[in-house]
Amino acid sequence: MRLEEIPDSSGLRDKVAIVTGGGAAEQGIGNGRAAAILLAREGARVLVVDQHIELAQATVEMVTGFSGQAAAWEADVTVEADCRQMVSKAVELWGRLDVLDNNVGIGSRGSVVDESPDRWQQVMETNVTSMYLTSKYAIPAMQASGDGGSIVNVASIAALRPRGLTAYSTSKGAVIALTRAMAVDHGAAGIRVNCVAPGPVYTPMVYGRGMSHEARERRKQAAVLNTEGSGWDVGNAVCFLASDRAAYITGQVLVVDGGTTLRGPPRDTS
Ligand SMILES: NC(=O)c1ccc[n+]([C@@H]2O[C@H](COP(=O)([O-])OP(=O)(O)OC[C@H]3O[C@@H](n4cnc5c(N)ncnc54)[C@H](O)[C@@H]3O)[C@@H](O)[C@H]2O)c1
């Protein structure tokens, strides 16, 4: 076999990607910002979408810092018109659409008894309905581009191992079901749909709402690897699933949690 016959390319060069929630506070590396930077490093042109345009612009500056190609776009992904315009903008700028990283998600804290109906609704709209809305417009644009496409939905291990974040866990469970259903619906069109389920990742969302040193240490020790992840770990997983390296993978959940979901009681040796 000759070296040239062995596939080694991500296939992302000159592809067009949308990353929702691609901003992050200050210089912090959130999951979306990391994905946008890593996709651009592979040669993709990236529309960085955020409800706070200045956060998206900060990501774009990081990308242009290494001569990558990206543009910032303001949109609230819970609003249908914003989702439609976001897709139109990517196509208007670069003529096609190949990748959608559905990264936006918000947290919740309580049980069904604690949670207000308004907050429940807001979590579902932001974490689940948004992915329906963005995909509704992204999929026809991918089909029109002619080379299939890849959608990566960001879930959470909270869907697999709930711990008192009930609205959030429910929404992320729905993200996994949505991913699998979309994979079936659009596989024949060459559109792959996968999910990344991050565990304890230390992003601006986490430290922005305040996390004590003790809580952070507990989170680290909960992982088999005894440490926390970063936005880069999630971004790398998104980039892999978006790329040709994952060409035969669809409808899957890639858990990025340092082994946190493997933890249970120690083996009974008595
Ligand atoms: N950080 C973690 O430990 C962790 C763990 C599991 C899963 N996740 C998931 O990863 C994803 C990203 O997490 P993060 O920690 O990087 O988040 P983050 O809070 O840093 O969010 C990224 C961006 O999303 C934007 N955003 C929020 N709502 C929006 C909306 N309606 N429209 C457009 N933009 C909006 C915010 O302005 C922010 O800049 C989320 O889906 C989250 O649930 C995170």
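Leaving aside its neighbours within four places in sequence, which residues is Leu39 in contact with? The legends below cover this and other views of a predicted model.

**Figure 1. Contacts of Leu39 in the predicted model.** Neighbours within four places in sequence are left out of this view. Leu39 is then in contact with Leu12, Ala17, Ala44, Val46, Val99, Cys239 and Ala242. Leu39 also belongs to the largest nonpolar core, which has 71 residues. Within this core, Ile18, Ala36, Leu39, Val46, Val48 and Val196 touch the most other members.

**Figure 2. Helix α8 and what covers it.** Helix α8 runs from residue 231 to residue 242 and has 12 residues. From its first C-alpha to its last it reaches 16 Å, close to the 16 Å expected at 1.5 Å a residue. The buried residues in α8 are Gly231, Val234, Gly235, Ala237, Val238, Cys239, Leu241 and Ala242. Their cover includes the helix α1 and the strands β1 (16–20), β4 (99–102), β5 (149–154), β6 (191–198) and β7 (253–256). An α-helix has 3.6 residues a turn, so residues three or four places apart point the same way.

**Figure 3. The shell around the ligand.** There are 30 residues around the ligand, and Gly21, Gly30, Gly105, Thr203 and Met205 come nearest. Helix α6 gives the most, with three residues. By type, the shell divides into 13 nonpolar, 15 polar and two charged residues.

**Figure 4. Gly43 in its loop.** Gly43 lies in the loop between α1 and β2 (45–50). Is Gly43 buried or partly exposed? Gly43 is partly exposed, because 15 other C-beta atoms lie within 10 Å. Apart from neighbours within four places in sequence, Gly43 is in contact with Leu12, Arg13 and Asp14. Arg2 is 41 residues from Gly43 in sequence, and the two are 25 Å apart in space, C-alpha to C-alpha.

Figure 5. Along the principal axes, the C-alpha trace spans about 60 × 55 × 40 Å. A compact globule of 270 residues would have a radius of gyration near 18 Å, and the protein agrees with this, at 18 Å. Buried residues make up 45% of the 270 residues. Of the contacts with a separation of 6 or more, 77% are between residues 24 or more positions apart.

Technical notes:
Residues numbered from 1 in each chain as written. Predicted model: local features only at pLDDT ≥ 70, side-chain atom pairs only at ≥ 80, totals over all residues. Near = placed C-beta within 6 Å. Helix = DSSP H or I, 4+ residues; strand = E, 2+ residues; numbered from the N terminus. Nonpolar A, V, L, I, M, F, W, Y, C, P; charged D, E, K, R; others polar. Expected span 1.5 Å × (residues − 1). Buried ≥ 20, exposed ≤ 12 C-beta atoms within 10 Å, placed from the backbone. Contact = placed C-beta atoms within 7 Å. Rg over C-alpha atoms; globule rule 2.2 N^0.38 Å. Core = buried A, V, L, I, M, F, W, Y, C linked by C-beta atoms within 7 Å.
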